[in-house]
Amino acid sequence: MGLATLAVLVWFFGGPMAHPDDYLFLRGGDGIQGYFAPAYAALYDSPFTAHFSGVNYPTGEHMVYPNLQPLLAWVLGWLHLGRHTIGVMNGLALLTLWLTPVLLYPILRRARLPGWYAALTALLIGFMSPQVDRLGQHMSLSYACFLPLLWYLLLRFAEAPRRWRWLVAYAAASLVMGLLMTYFLATACFFGLGFGAALYWQKPATRSKLWRLAVAALLPLLAYRTWLALTDLVADRPPAPYGLLVYIARWHSILLPVVGPLREVWHRWLPFVELGTLEGWAYVGLATTGVLGATVWGLLRRGWRRPTGVARRQPRWQRLLLPARPLPDVLRTAFPVALALLVLALGFPFILPGGEWLADHAGPVRQFRALGRFGWLAYYVLTVYGAYFLYRLWRLRRRQLYARGTPLPEQLARAGGWFPALLLLWAVEAYINVSVKAESVNQGVGAHDVFDLATSPVRHLRKINHWTSDFQAILPMPYYHMGSDKINLRGSESAIYQANKAALLTGLPLLSAYVSRGSASQALEHAGLFASTLLDKPLLAKFPSDKPLLVLVTDPSNLSPAEQRVLSLSQPLVLDDPQGALYALPVAALRLNTCAREVARADSLWPTLLTRSDGLRTTTPHGVWLQAFADAPDQRHGRLGPGAFHDLTPANVFSFLYRGPVPAPADTGRYEAAVWISSRSGGFGDMQVKVFGHGQQLSHDVVDASLATEVDGEWVRVVVPFRVGPGADSLEVIYDAREAILDDLLIRPLRTDVYFYTGPRAHRQLVKNTYRLTP
């Protein structure tokens with residue numbers, strides 16, 4: 001079995017197996033981040049610490065959230081193998097792929113299948129696994145052997161309930177995998193408890209020993225949660241990360257091909273069926289799909305036809321659920337657990353009408369934003385059932401022929417050509433699945449570049465008499481900070497790659513983050529580094545020194561205006577390297593605040609400003625609109641004063657902040673609509689402006705609020721530039737966010753500044769365009 005699996009691996013992945021250090025299974029996005037985080041932790045962080053210093057400078061991150069695989073990073077750091085992280089990760093992923101058929105073989109044998117057939121179907125199931133597609137995408141999710149290992153250990157416990165070693169192995173495997181990927185730990189807990197419940201119902205003789213299984217299933221999860229609670233000091237991670245009702249499985253991602261030409265075939269016939277996201281793929285193969293269809297049809301016929309004999313005394317629902325012939329124990333115990341997890345993977349009950357309310361009260365389940373991954377256990381159980389069903393059907397036909405005295409050659413011929421045909425189809429689909437991934441993996445040659453100083457712009461620092469110790473962190477541009485569910489600055493693939501590479505080569509941490517479930521307040525502080533000079537930047541007070549930041553620019557043409565302004569404050573160091581330019585950014589330049597200068601300017605302009613009936617003063621006679629929501633029902637929140645717009649609707653809805661005439665219809669030109677959203681909102685969503693004229697929509701502008709960088713404490717300014725053309729007579733300002741808390745809406749022409757005072761007379765604050773100029 002092992003040799004056959006090794007031969008298949010060599011055929012498809014010979015290059016990565018021979019030179020694991022020289023292949024990046026995926027060069028960008030989650031792929032490069034998955035390599036970078038454990039490598040940096042192994043090289044520069046202390047072994048067996050829970051703190052990761054490589055991102056989110058100066059605070060750092062907990063090791064669980066940057067796709068770091070803490071256990072792997074600890075072992076690599078302890079063994080001083082940080083520079084071989086890529087090779088170790090690649091080798092470990094391929095090793096687990098090799099182990100998958102090896103572990104499936106004894107499971108299939110326990111389904112009363114002959115050795116040759118068990119070996120063949122173990123190969124097919126292993127190489128058609130949905131986890132094959134995670135090679136590179138999420139290396140921590142590609143460990144395909146883990147779920148078969150859990151199943152095998154549970155079967156051994158069921159065979160010998162008095163022996164502790166199988167439960168100890170189960171608990172140890174669960175904890176090890178939890179320190180690599182939390183989803184596996186949760187699956188292990190659900191699987192163990194569900195398996196115990198199935199044994200309780202099916203094998204009463206084992207009931208007195210099932211408490212041991214419950215302990216083995218729960219203890220690793222409790223230990224992991226305790227460790228996380230003691231070591232993670234961040235209190236504002238998103239309680240309900242994005243994706244709970246998005247990254248789910250679909251019936252067609254389970255039963256219909258998801259890759260290769262067979263996918264295109266069915267998609268032509270069902271073009272309206274969406275395939276769903278990668279997270280929900282758990283395709284079982286057409287052979288198993290046919291088996292499941294035949295099983296459902298047979299159960300329905302058996303459940304509703306007129307009963308005879310003993311079956312007459314069974315309730316109809318019981319005849320529907322119980323098969324005519326009991327399944328082997330290996331399937332009877334795992335089937336209900338796999339189906340229960342598959343139901344969860346499909347998004348039930350959250351996708352039902354009213355299910356969003358239930359999702360809001362689902363507790364820890366909300367943290368598993370990719371429910372589709374829980375369908376992987378069903379993949380293994382259903383395919384093993386498919387293999388069992390096909391062989392049993394073929395063997396039943398042979399027995400019928402044997403009973404008639406048919407010679408063996410004729411038995412094999414007349415038993416039906418469908419059996420080898422289905423196995424061939426299964427083999428073709430397994431080949432497609434693994435070959436598609438192998439093609440992309442084998443193109444990732446050149447991983448040595450990650451640790452090659454000669455291909456990074458930081459190599460020039462010594463030539464200009466600069467050392468890495470002269471800087472305190474790396475600031476990549478285009479800037480990226482992702483994972484908080486509030487701020488989502490995406491940067492670019494080249495910025496992420498070159499920044500990660502520079503960090504590994506220099507040991508300097510990144511003043512950015514690519515994590516899951518990041519701190520909302522920390523994300524706002526980092527985004528606020530690019531705010532205007534009218535806003536303070538509290539993150540700078542947390543810097544341990546005044547050393548400059550090393551700015552690494554890879555795509556200068558894609559910089560936002562805010563990034564260009566920050567870059568203009570920097571001193572150029574290296575400009576002629578094709579991999580990127582280097583600048584030194586003094587911290588003092590970022591600290592610059594021009595509020596005092598603006599106050600002096602306002603004092604000089606005050607006598608000349610135009611006074612409006614609502615108390616606003618403007619620099620031009622053009623129309624403006626300010627809505628402070630002072631009379632709003634929500635008086636608990638408010639930015640410049642009490643009162644804020646607060647949409648309490650739990651679902652994402654369109655909130656109309658303004659619906660009316662253009663402030664001054666005769667004014668044409670460029671306008672902006674700006675509002676401040678609180679980080680206490682359920683999400684930042686987007687802001688939209690629609691301009692109408694003579695009953696027709698003239699324009700529609702949309703801005704993603706997660707890209708905003710104007711941060712004032714917990715408030716973020718969202719701005720939509722738009723144009724008012726001739727004939728425009730009305731407009732709508734719409735905000736689309738979950739439980740949005742908004743304040744200080746201002747609509748103005750860009751060439752008009754708006755001034756006013758707010759607060760009690762003894763503590764009045766001067767405000768310009770809704771920016772506070774005085775404390």
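Author: Take strands β22 (residues 754–758) and β23 (residues 765–768), which run antiparallel and are joined by four bridges. In this pairing, Y755 stands opposite K768 of β23. The model is predicted, so local features need pLDDT of at least 70, side-chain atom pairs need 80 or more, and totals for chains, interfaces and linings use all residues. Numbering starts from 1 along each chain as its sequence is written, and side-chain values use heavy atoms, without hydrogens or water.

Reader: What makes β22 and β23 a pair?

Author: Two strands pair if DSSP finds at least two bridges between them. β22 and β23 have four bridges, so they pair.

Reader: Why are β10 and β24 at the edges?

Author: The open sheet has five strands in the order β10-β11-β22-β23-β24, paired antiparallel. β10 (610–611) and β24 (771–772) each have a single partner strand, so one side of each lacks a neighbour in the sheet.

Reader: Why are α7 and α8 called roughly antiparallel?

Author: Helix α7 (residues 165–178) and helix α8 (residues 182–202) pack at about 150°, with axes 6 Å apart. Angles over 145 degrees count as roughly antiparallel, so α7 and α8 are described that way. The contact (heavy atoms within 4.5 Å) includes Y170 and L175 of α7 and F184 and L185 of α8.

Reader: How do you know whether P578 is buried or exposed?

Author: Exposed means over 50% relative accessible area, buried under 20%, partly exposed in between (1.4 Å probe, protein chains only). P578 has 75%, so P578 is exposed. P578 lies in the loop between β8 (571–574) and β9 (581–585).

Methods: Axes are lines fitted to C-alpha atoms, for helices over the stretch in contact, and angles run from 0 to 180 degrees between N-to-C directions. Helices (H or I, at least four residues) and strands (E, at least two) are DSSP runs, numbered from the N terminus. Angles under 35 degrees count as roughly parallel, over 145 as roughly antiparallel, 65 to 115 as roughly perpendicular and the rest as oblique.
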